[in-house]
Amino acid sequence: MKIAIIGATGFVGPALIAEGVSRGYEITAIARSTDKVEKAAGVTAVSADVNDVDALASVLSGHDAVISSFNAGWTNPNLYNDFLNGSKNIQEATKKAGVKRYITIGGAGSLFIDGKQLVDSPHFPKEYYPGASSARDYLTELRNEDELDWTFVSPAINLHPGQRTNQFRLGTESPVFNTEGKSEISTADLAVAIFNELENNQFIKARFTVGY
């Protein structure tokens, strides 16, 4: 398959590219600036702006699936609006391009513990609130999307660089905790879970989460 990865130079993007290449996919690595896209066989780097829907749709045309790890920047003072609008633009561009399969990463803040979303907890870090609440609100809007075969991915609460173990568990609306009460996953294993979903289509028009 030919896969478009948006946010290719971000926190998760390089792991997604590496996982896709390891499975033999043809990858289009999309970023605002392609200078940091690692050169590899089967990877084509393309510069695109998520706010230019028509131009992005042109880039996405001809792909079998779109995986978005778009992030508007944690220090961006307009993070809430930029993430929400950017995500909706990617969704619209995917449809305009005629691509049916759309997987987007949206953070752990919208997961539930004891009936309450993490982002609404009094202990939730204030510096992450704009981005997390924007991702939560985007999921609410995405649930109304009927045309695309979409999947929303919420990583574990602690997403960190690390090794590819291929040993993790999946959940749906609540975090996956290990025996020590921690919810964590490496970017490499998150990428494994996302490509597994791409191949198995277990969570079409649904959200899933992953953790050790």
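The second largest pocket here has a volume of about 190 Å³, where a pocket is an open set of points on a 1 Å grid over the protein atoms alone, reached by a 1.4 Å probe, with protein on both sides within 12 Å along at least five of seven lines, and lining residues have an atom within 4 Å of a point. The volume is the space filled by probe spheres set on the points, which are joined across faces, edges and corners.

The model is predicted: local features need pLDDT of at least 70 and side-chain atom pairs pLDDT 80 or more, while totals for chains, interfaces and linings use all residues. Residues are numbered from 1 along each chain, and side-chain values use heavy atoms, without hydrogens and water.

Among the residues lining this second pocket are Pro14, Ile17, Lys36 and Glu38. By class, 7 are nonpolar, 1 is polar and 3 are charged.

Next, the largest pocket. It holds about 1,000 Å³ of space. It is lined by 38 residues, and Asn71, Trp74, Gly106, Gly107 and Leu159 come closest to its centre. Helix α4 supplies the largest share of the lining, 3 residues. The classes are 24 nonpolar, 13 polar and 1 charged, with Gly counted as polar.

Now the strands, which are DSSP runs of E with at least two residues; helices are runs of H or I with at least four. What does β1 pair with over 5 bridges? Its partner is β2, residues 26–31, running parallel; pairing takes at least two DSSP bridges. Within that pair, Ile5 is bridged to Ala29. β1 also pairs with β4 in the parallel sense, over 4 bridges, and there Ile6 has Ser68 as its partner.
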